[in-house]
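Dear colleague,

Please find below the structure that I am handing over to you.

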Amino acid sequence: MIAPSPAALDALKNALGPAGWTQDAFEIAPHLTEWRNRWTGETPILLKPASTDEVARLVTICAEHQVAIVPQGGNTGLVGGQIPYGEVLLSTRRLRTVRDVTPLDDAMTLETGITLLEAQQRAASANRYFPLSLAAEGTATVGGVISTNAGGTQVLRYGMMRDLVLGLEAVMPNGEIFHGLKRLRKDNTGYDLKQLLIGAEGTLGVITAATLKLFPIMRSRAVAIVGLETAAASIELLARAKGETGGGVEAFELMKRLGTELVLRNIPDTREPLDSQPEWSVLIEIASGSPGGAEAQLTALLEVAFEEGLITDAAIAQNDAQRAAFWRLREEHSAALKPEGGGWKHDVSVPISRIAEYIDEATAAVERFHPGARVSVFGHIGDGNLHYDVLPGVGQDIPAFIARWKEGSQVVHDIVARYDGSISAEHGLGRLKTEEAKRYKTPLEVSTMQAVRKAIDPQRIMNPDVLF
Ligand SMILES: Cc1cc2nc3c(=O)[nH]c(=O)nc-3n(C[C@H](O)[C@H](O)[C@H](O)COP(=O)(O)OP(=O)(O)OC[C@H]3O[C@@H](n4cnc5c(N)ncnc54)[C@H](O)[C@@H]3O)c2cc1C
């Protein structure tokens with residue numbers, strides 16, 4: 001990669017005016033370190049365009065001068081794809097216009113620096129529901145969740161970001177604007193360029209606006225935390241819950257006892273949800289189109305499951321505060337690991353029917369590889385997605401444990417591959433997993449991705465160290 005010449009930097013500054021860029025180290029610093037402090041990068045300049053035209057001007061200059069660009073939204077990505085190492089950093093956070101909301105189309109068009117939470121709120125103000133939800137939603141941007149094809153807690157019913165985008169506008173690597181902000185549900189006219197950009201992690205262009213799919217607001221919701229003896233029982237419960245609610249399960253989140261304990265220990269104002277302190281618990285959220293329907297369905301489901309011995313304990317949230325408290329126990333799982341000094345984190349998926357078998361096999365293999373290691377499993381098992389984290393044993397040397405991360409992760413990921421799973425279910429590859437992914441992708445997949453990229457970005461100026 002070529003460092004930007006003084007002439008290129010001058011051209012970029014002139015294209016934006018003083019409000020649109022900074023070289024102030026203090027202002028840039030928060031953009032250079034990611035959430036887990038795993039990467040600290042560097043950049044000659046932070047660019048802050050406020051419109052699509054400004055983005056197009058910047059990318060055109062970068063293309064002319066062969067300057068590499070890293071796009072960044074909220075900087076909550078967990079695989080380091082948003083951190084520059086010498087590239088210019090292009091922040092989308094000033095792209096903040098709501099272009100339109102059209103309830104009759106069940107669609108809204110937003111610029112991509114808007115946060116996910118703001119997008120949800122904007123949909124709600126039009127009496128519609130935008131379902132994508134994740135713990136970082138107050139900071140993660142629409143552009144970031146599209147570029148990582150984020151998942152989160154509602155995938156079971158509504159799909160990943162790929163399923164929620166109707167149209168896109170993006171600045172391509174030569175500076176041309178792709179005007180694809182259609183609101184159509186059906187458009188069968190050849191290759192779908194927007195789908196290539198979704199999940200591309202900033203390697204094929206800068207996404208500047210998106211038209212998102214909206215849904216009706218459900219009339220009732222009910223949330224419970226349920227105790228179970230085994231992970232296998234949770235899969236059986238999931239199948240029943242889906243069947244008996246007619247597809248009304250919106251979230252189904254598994255938590256192993258260790259993760260819950262870490263939340264209770266490390267996160268203030270959290271409370272034990274079930275006195276029985278079960279080894280496995282599940283957070284279930286059910287939504288229904290009829291008032292009161294969700295709670296009735298959830299209660300009926302849990303009563304039968306309890307009578308049959310499938311579950312051992314359950315608490316149904318009685319009000320919004322309790323619902324929020326239950327969700328907090330799940331959503332703080334990642335944050336609760338931080339004070340423990342680190343671990344080997346994995347974001348994997350396997351077929352739902354094989355989750356319990358996978359957990360048993362991976363845990364036995366990890367215990368053989370690093371005796372004493374502790375495993376925390378949580379995640380969106382309704383989607384087959386597990387956050388499978390390995391922590392050092394109590395009293396073990398943490399730096400020595402962390403040093404074994406690559407080999408340890410290979411143990412976990414090799415088993416994922418044998419289960420026909422994925423080593424990155426929802427966070428992407430970024431700087432963290434791009435090299436490792438070559439071990440699990442076929443040569444055909446790698447070479448096809450390289451060919452597509454070369455056709456769209458022949459100079460490889462967009463996020464050059466990320467993906468193949
Ligand atoms: C506490 C916590 C919980 C999380 N939970 C989940 C979860 O449940 N599910 C999940 O999927 N993820 C989760 N994440 C990961 C993260 O929130 C998502 O990856 C999110 O999509 C990133 O959005 P962002 O705006 O912060 O993007 P960034 O971190 O800024 O960027 C992420 C990637 O997208 C690219 N990019 C960003 N904006 C654009 C754009 N406009 N155009 C082109 N490329 C762009 C960047 O170059 C980078 O490669 C979590 C993160 C945290 C910190």
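**Ligand site**

In this predicted model, α5 gives the largest share of the shell around the ligand, namely four residues. Helices (H or I, at least four residues) and strands (E, at least two) are DSSP runs numbered from the N terminus. Residues are numbered from 1 along each chain as its sequence is written, and side-chain values use heavy atoms, with hydrogens and water left out. As the model is predicted, local features need pLDDT of at least 70 and side-chain atom pairs count only at pLDDT 80 or more, while totals for chains, interfaces and linings use all residues.

The ligand has 35 residues around it, of which Pro71, Gly73, Thr76, Gly77 and Thr141 come nearest; a residue is near if one of its heavy atoms lies within 4 Å of the molecule. By class, this shell has 11 nonpolar, 22 polar and two charged residues. Here Ala, Val, Leu, Ile, Met, Phe, Trp, Tyr, Cys and Pro count as nonpolar, Asp, Glu, Lys and Arg as charged, and the others, Gly among them, as polar.

The protein covers 96% of the 970 Å² of accessible area that the ligand has on its own (Shrake-Rupley method, 1.4 Å probe). Two or more residues of the shell come from each of β3 (69-72), α5 (142-147) and β9 (206-213).

**Cavity and pocket**

On a 1 Å grid over the protein atoms alone, a cavity is a set of points where a 1.4 Å probe fits but cannot get out, and a pocket is an open set with protein on both sides within 12 Å along at least five of seven lines; lining residues have an atom within 4 Å of a point. Volumes are the space filled by probe spheres set on the points, which are joined across faces, edges and corners.

The structure holds one cavity of 30 Å³ or more, and the volume of the largest cavity is about 50 Å³. Its lining consists of Lys345, His346, Trp405, Ser409, His413, Leu432, Lys433 and Glu436, with at least two residues each from α16 (405-418) and α17 (430-440).

The second largest pocket contains about 810 Å³ of space. Among its 33 lining residues, Gly199, Leu429, Lys441, Met449 and Leu467 are the closest to its centre. The largest share of that lining, five residues, belongs to α18, and the lining divides into 16 nonpolar, 11 polar and six charged residues.

**Overall fold**

The chain has 18 helices and 16 strands. Its radius of gyration is 23 Å, close to the 23 Å that the globule rule gives for 468 residues, so the chain is as compact as a globular protein of that length. The radius is taken over C-alpha atoms, and the rule is 2.2 Å times the number of residues to the power 0.38.

Yours sincerely
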